[in-house]
Amino acid sequence: GYASYFFDLNAAATDLAYGCAVQADGKILLAGSATTDVEGGHKIAVARLLTDGNPDPAFDGGDVVISLTGQVTGNNGQARTVAVDGQGRVLVGGTLHGTDFWTTDIGFVTRLLANGTKDETWDNGYFPGWFMDGGMTGVEAMGFDPTGRLWTTGPAQPGDTGQWRFQLMSNGGNDAGYGSINLAPHVANLLTTSPTAIAFQPDGKVLIGGWALRGTPANIAVMVVVRILGSTLQLDPAFGLGSGVVVIEDFQSSYLRSIALAPDLEIVIAGEYGPLNSEDISVIGLRPDGTTHWGDYVAFNLGGSNGDGFGGLNRMVVQSDGKIVVAAAAYTGNASNVVDVGVARLLPRMVGYDTSFGGNNTGKRSFDMPPIGPSDGNDTLKCLTLSGGKAVVAGSGHFNVQDWDFSLRRLTSDLIFADDGGLAPDTVRG
């Protein structure tokens with residue numbers, strides 16, 4: 001089943017989803033941005049859908065558009081990630097442009113109650129309902145550690161070239177610790193870098209993954225994983241040959257987009273690999289000490305330039321049985337349907353495709369994202385998660401001209417890999 005959702009706050013009507021999360025009750029949250037003629041051009045946009053794909057009326061009618069005016073000194077707010085805490089409150093993280101104390105892009109986290117209204121108790125003493133982080137340009141990933149603490153990560157400010165920033169927040173939205181990771185000693189000729197994903201070990205250690213771009217003579221991007229001790233916020237000397245940092249370099253550029261922990265506690269990372277618009281998805285397994293154990297590539301090869309997961313449009317999750325699910329946007333070579341989304345399921349440690357998945361013993365399948373039919377069928381893929389063992393893929397679909405809508409599909413986990421009939425069969429226009 002599939003659904004799309006629009007906000008259409010101005011004539012451009014460009015609504016882009018970047019993050020998704022599934023609540024314990026199966027409701028699906030989508031977070032991103034909607035273009036507007038005020039507040040710097042974008043507003044933070046969040047939608048919550050019922051298990052049948054329709055808007056949840058208990059979430060302020062189905063969607064929340066967050067205006068910064070009267071709340072914080074900033075504009076151009078855009079959500080990048082979303083999470084749900086143990087009390088059902090919705091945490092939204094992303095970037096906005098500061099217009100007072102900070103006059104650059106900064107990170108933020110705002111918290112909504114389960115009904116979609118602002119949680120005024122999330123307050124660090126400056127802006128009720130908000131945590132503002134001037135140490136990073138934006139929150140790229142966030143999640144809860146085993147003790148329930150919220151961690152965020154994002155690129156440090158331009159003055160701190162080559163650094164990743166991480167931040168902990170208390171249950172009330174106060175600063176509970178922070179730090180920076182300088183990658184310059186670990187990546188030769190470092191030009192620019194960004195964290196993209198975060199995961200948590202049962203022992204409280206925190207994994208942050210991302211990429212770093214090297215300059216001459218290599219001129220390639222490399223995958224980077226760091227492990228932090230949750231108790232001291234220091235790099236873990238038991239990881240990465242004593243440094244706490246693992247750099248994975250291949251013959252072509254590699255960008256890490258996802259990180260997950262397998263049931264056997266191996267670390268699984270994934271992202272695009274290869275020349276621009278000719279990428280495959282690289283999936284790699286690391287031992288607990290950070291050394292590489294296994295790795296291979298996933299390709300959908302739908303046509304055209306065969307670019308799979310280009311520009312970061314790919315994600316990976318690990319199921320509780322150790323099977324690995326990979327999703328990516330893929331060029332089709334068809335002008336009337338430019339991009340489809342492919343999903344593959346791999347056996348644990350990537351010993352092969354799970355041939356019970358996808359039909360025809362392939363272990364993979366591709367499909368169009370909604371809105372179905374109009375325009376050129378161009379799709380993005382920005383989020384992949386699991387809901388009751390079913391894969392949920394989310395991103396944006398092209399409606400026409402500048403008009404893009406939030407877009408998602410939920411897929412069954414049975415042998416035929418059909419769309420999940422539990423979702424509304426028709427496109428939902430918000």
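I took exposed to mean a relative accessible area over 50%, and buried to mean one under 20%, with partly exposed in between. I noted at the outset that I was working from a predicted model.

**Entry: Asn361.** I looked up Asn361 and found a relative accessible area of 61%, so the residue counts as exposed. I placed Asn361 in the loop between strand S24, which covers 337-346, and strand S25, which covers 364-367. I then checked Asn361 against His186, a residue 175 positions away along the chain, and found their C-alpha atoms separated by 42 Å.

**Entry: the peptide bond at Pro371.** Going on to the loop between S25 and strand S26 (383-387), I found Pro371 there. I looked at the bond that joins Pro370 and Pro371 and recorded it as a cis peptide bond, with omega at about 0°.

Entry: For Glu39 I read a phi near 55°, a positive value although the residue is not a glycine. I found Leu265 in the loop between strand S18 (254-261) and strand S19 (267-273), and its 40% relative accessibility puts it in the partly exposed class.

**Entry: the sheet that holds S18 and S19.** I followed these two strands into an open sheet of four strands, ordered S18-S19-S20-S21 and paired antiparallel. S18 and strand S21 (292-298) stand at the edges with a single partner strand each, so one side of each has no neighbour in the sheet. I noted that neighbouring strands of this sheet are turned against each other by 20° on average, with direction ignored. Between S18 and S19, which run antiparallel, I recorded seven bridges, and I looked up the partner of Leu256, which is Gly271 in S19. As background I wrote down that strands of a sheet pair through backbone hydrogen bonds, in either a parallel or an antiparallel manner.

**Entry: Ser33.** Last, I turned to strand S3, where Ser33 is found.

How values were computed. Residues are numbered from 1 along each chain as its sequence is written. This is a predicted model: local features need pLDDT of at least 70, side-chain atom pairs count only at pLDDT 80 or more; totals for chains, interfaces and linings use all residues. Side-chain values use heavy atoms; hydrogens and water are left out. Buried means under 20% relative accessible area, exposed over 50%, partly exposed in between (1.4 Å probe, protein chains only). Two strands pair if DSSP finds at least two bridges between them. Axes are lines fitted to C-alpha atoms, for helices over the stretch in contact, and angles run from 0 to 180 degrees between N-to-C directions.
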